[in-house]
Amino acid sequence: MDFALSDEERAVRDTVRSFITKEVVPLEQEVLRRERAHQPGLEPGELRELQLKARKFGFWGLSTPQEYGGMDLSAVLQSLIWTEVGRSFVPFRFGGEADNILYYADEAQRAEFLIPTIEGERISCFAITEPGAGSDAANIKLRARRDGDDWVLNGEKTFITNGHDADFTIVVAVTDPDKDVRAGGSTAFLVDRSMGWRSEFIQTMGEGGPASLIFDDVRVPARNILGEVGQGFELGMKWIGRGRYIIPSHALGIGERALQMAIDHANTRETFGRPIGVNQAIQWMIADSETELEAARWLTLRAAWTVDQGEDPRHSSSMAKLYGAGMINRLVDRVMQVHGGMGYTRELPIERWYRQVRLFRIFEGTDEMQRLIISRDLLRGYTKIGGHLA
Ligand SMILES: Cc1cc2nc3c(=O)[nH]c(=O)nc-3n(C[C@H](O)[C@H](O)[C@H](O)COP(=O)(O)OP(=O)(O)OC[C@H]3O[C@@H](n4cnc5c(N)ncnc54)[C@H](O)[C@@H]3O)c2cc1C
């Protein structure tokens, strides 16, 4: 069994690490200062500038097909890169990306929505959650009624990432209430903000925040249907499925960086005339953190590898998301404990991570929904215990 990275994987990982170290990490103190003043850590123009710098390094469109100028990297490579990105808390991500389901767009929609999103000229958001339908996404009510060549949308979406900044949304609506939302009753629409939906920003415990989207008789031409009529829920699940190995990949980077801070602090902070790291209580927190980090790493890389094998990654991605999200919450909590009072201040990024990673257990399927998926697969015999090695 070979757990080593290939030469290519190592080279890509090292190039990204050097980009993040040289270009992103130096911005950290300014990001903390701005966030303490309740300002965005990075302005959109600054993010774009960094993304264009990364493009010169050759990093643009990690998941984007080459015909659209992207790198079309394997899921394992994308996972490794997201881990490197996670090592800095600066809200940076590589440019040249679009929502995976935008590739279901037809020719005209590609020109209007997909390509400008890849180029960073337009901002998208994906909306399925509603005030009355979160974990039970099949319970959505936002309605689209056919009217001549148009569809008229009424209802509300909530907790939509980028919802307040987006130029357009990919919204899943009920198009046939006689059918199950999961089986032909819902459809995805590409809806420009200029068509009349409005957004309301939602304050959260994290930096930045999602938004509610309000649709009040919003008229959308039938040519703006993404994919097929009736395919909405299926596309929604494809969108959500991708995040399930990216989120724990990101968590690994946060964990590596935070744990190193704890180790450095344990070696230098002295109490009772000795470094705190000589105490078993501190040593155990470090040992547990490293062990859990390593376990999360292999669950996550295996989930990404499953994607690359062209197999159904749902089971392994759910385990990676569940364990990775829990791991990073426990790890950051221990790192704060090791730092004592300093860990609780806004001088250090630990309290910021603490607020940020709490979301990982909630969005793109809560812990409980991941457990539901994993156990249901086993109870119904869809998956064998032990996966590939069974
Ligand atoms: C910052 C942020 C960004 C988000 N971004 C997006 C986005 O871009 N697009 C989008 O569409 N949505 C987005 N969401 C929504 C997110 O996916 C939902 O919040 C999440 O799926 C949970 O739904 P809910 O909040 O309605 O909780 P609920 O479904 O009401 O659940 C409440 C609690 O009950 C538990 N629970 C529910 N049912 C069961 C059950 N059967 N068994 C056991 N426990 C259960 C849940 O696990 C949870 O702990 C975002 C949310 C946040 C907070």
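Is the crossing of α7 and α11 left-handed or right-handed? Hi everyone, let's begin there. The crossing is left-handed, a label used when the near helix is turned anticlockwise from the far one by less than a right angle, with right-handed used if clockwise.

Before going on, a word on what you are looking at. This is a predicted model, where local features need pLDDT of at least 70, side-chain atom pairs count only at pLDDT 80 or more, and totals for chains, interfaces and linings use all residues. Residues are numbered from 1 along each chain as its sequence is written, and side-chain values use heavy atoms, with hydrogens and water left out.

Back to our two helices. Helix α7 covers residues 232–268 and helix α11 covers residues 350–358, and they pack at an angle of about 155° with axes 12 Å apart. Helices here are DSSP runs of H or I with at least four residues, strands are E runs of at least two, and both are numbered from the N terminus. Axes are lines fitted to C-alpha atoms, for helices over the stretch in contact, with angles from 0 to 180 degrees between N-to-C directions. The pair is therefore roughly antiparallel, as angles over 145 degrees count that way, under 35 as roughly parallel, 65 to 115 as roughly perpendicular and the rest as oblique.

Now, salt bridges. By our rule, a side-chain nitrogen of Lys or Arg lies within 4 Å of a carboxyl oxygen of Asp or Glu, and the count comes to 29. Glutamate 292 pairs with arginine 334, their closest N and O atoms being 2.9 Å apart. Glutamate 292 sits in helix α8 and arginine 334 in helix α9, so this bridge ties together parts 42 residues apart in sequence. Both residues are buried, meaning under 20% relative accessible area, while exposed is over 50% and partly exposed is in between (1.4 Å probe, protein chains only).

Another salt bridge joins glutamate 84 and arginine 87, at 3.7 Å from N to O. Glutamate 84 is buried at 3% relative accessible area, whereas arginine 87 is partly exposed at 23%. These two belong to a salt-bridge network that also links Arg17, Glu256, Glu294 and Arg297.

Finally, a backbone detail. Aspartate 217 has a positive phi of about 50° although it is not a glycine, and at 54% relative accessibility it counts as exposed. Glutamate 364, in the loop between α11 and α12, also has a positive phi, near 50°.
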